[in-house]
Each structure stands twice: as structure tokens, then as C-alpha cells.
Amino acid sequence: MCNNVQNDLLLVIDMQNVYLPGGHWACEGIEAAAERICELIGKRGSEDGGTLNVALTRFDAAEDATGMWRDYNEVNASVNVDVEACEIIECFAELSEKYPLYSKSVYSAADIPELMDAVSSADRVLVSGVVAECCVLATVMALIDKGVKVVYLTDAVAGESVATAKAVETVLAGLDPLHVERMTVEEYLNS
């Protein structure tokens, strides 16, 4: 149970149009995850008088990528240049004006120095967003390696499929409760 939400940071990972149904990298359950994230921000977001700090990320391909990332960006060039696909989902556009929106060019959001500055003053990081088995998992593992306590919001994360998203939860169960707490948004709000 979380007894102190005053120093929690909600991290919203890569909620971009490309992950919506019909998008090139569609994630099953993204719309439900978006609703849960917005519900949490609406009830606890610091800009609305609450105590929860919020940070958002988006994936933007690096022009000077090297190694595997150069290959990745070449394979996905048509997606990377699609401005609409790369934009933040409409329901998060307004939030990205209230809260910081950080760009990243790798899977893990923990690679963003400015974000890690915000993380360093948080007691815990609540993780949400997409893709469960990719950017979200990479971020969770990197945060753990940096000594950050993570709350994985199970109903605020979407993956390529329900099965792969559940597989991530299974992996993280081995790190619960010392490194990761797994809970729903409702459980977090009621704690």
C-alpha cells in the first residue's frame, strides 16, 4: 500500500498515435490504459491541485543514430517521418502543455537526463504507457538498476497484445515487492 503520494512521479511513456488501433505499432488496450492514466491525473495531478507529479515521454528517432538504432530507424523510416503517427495521442496533448514532455530515441526513458533529475526527487515512480514489453519494461528495469522504487500500474500499461502485457507483469512479479509494486490505478487511488 502507498501511504505517501506527495513524492510520487507518474511517468507516462510514449502515448503516441502510432500505438492506437490501426496504427503501425498498435497496442491492444491502449485506449483503456489512456483512460486510467487520465483518471489518475485528474484525481491527483499536481496541476489540478493534487500532489502527484507527472512527466510524459515520446519516442523520436535520432537523426544521428548509430549501431542497432541506425538499423532500427532505417527499417521504421516510414513511421518515423509520419508526423501525425508520432504525435502524442489527442487526450494527452493538453497534458503535455501542463507537464513536461521529454523526447527519447531509445527504449528506456531512464536515458533522459532531465527526467532523471525529476525522478531523483521522487520517492517512487509510477509507470504507465506503451509498449509494455519494450519501452515500459526497459524503463522499469533501468529505474530499478538506478535504485528507484517503481509502481507498475497494471491497467495503465498496454502492450502489443494482452498476452505480452501479462507476460511483463509475470516477469515483474519476481521483483515484487522489493523493487516493484504492481497495482491498478484504483488500488493506487484507494491506498
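This is a short tour of a predicted model, stop by stop.

**Stop 1: helix 1**

Select residues 30-44, which make up helix 1. The helix has 15 residues. From first C-alpha to last it reaches 21 Å, close to the 21 Å expected at 1.5 Å a residue. Now show the side chains of Ile-30, Ala-33, Ala-34, Ile-37, Leu-40, Ile-41 and Arg-44, which are buried. They sit on the same side of helix 1, because they cover an arc of only 130° around the axis.

Stay on this helix and select Glu-39 and Arg-36. They form a salt bridge, with the closest N and O atoms 3.0 Å apart. Both lie in helix 1, 3 residues apart, about one turn of the helix.

**Stop 2: salt bridges across the chain**

The structure has 9 salt bridges by the rule used here. Select Arg-124 and Asp-8 for one of them. Their closest N and O atoms are 2.7 Å apart. Arg-124 is in strand 4 (residues 124-130) and Asp-8 in strand 1 (residues 8-13), so this pair links distant parts of the chain, 116 residues apart. Both Arg-124 and Asp-8 are buried.

Next, pick Lys-104 and Asp-14. Their side chains meet in a salt bridge of 2.8 Å, N to O. Which parts does this pair tie together? Lys-104 lies in strand 3 (residues 101-104), and Asp-14 in the loop between strand 1 and helix 1, parts that are 90 residues apart in sequence. Lys-104 and Asp-14 are buried.

**Stop 3: the aromatic rings**

A search of the whole structure finds 7 aromatic pairs. Select Tyr-19 and Trp-25, a tilted pair. Their rings are 5.9 Å centre to centre, with 35° between the planes. Both residues, Tyr-19 and Trp-25, are buried.

Move to Phe-59 and Trp-69. Their ring centres are 6.1 Å apart and their planes are at 35°, so this pair is tilted. It links distant parts of the chain: Phe-59 is in strand 2 (residues 53-59) and Trp-69 in helix 2 (residues 67-75), 10 residues apart. Phe-59 and Trp-69 are buried.

To finish, select Tyr-19, Trp-25, Phe-59, Trp-69, Tyr-72 and Tyr-107 together. These residues form one aromatic cluster.

Definitions and conventions: Residues numbered from 1 in each chain as written. Predicted model: local features only at pLDDT ≥ 70, side-chain atom pairs only at ≥ 80, totals over all residues. Heavy atoms only, no water. Helix = DSSP H or I, 4+ residues; strand = E, 2+ residues; numbered from the N terminus. Expected span 1.5 Å × (residues − 1). Buried < 20%, exposed > 50% of the residue type's maximum accessible area, 1.4 Å probe, protein only. Arc of directions from axis to C-beta. Phe/Tyr/Trp six-rings, centres within 6.5 Å; stacked < 30°, edge-to-face > 60°. Salt bridge = Lys/Arg side-chain N within 4 Å of Asp/Glu carboxyl O.
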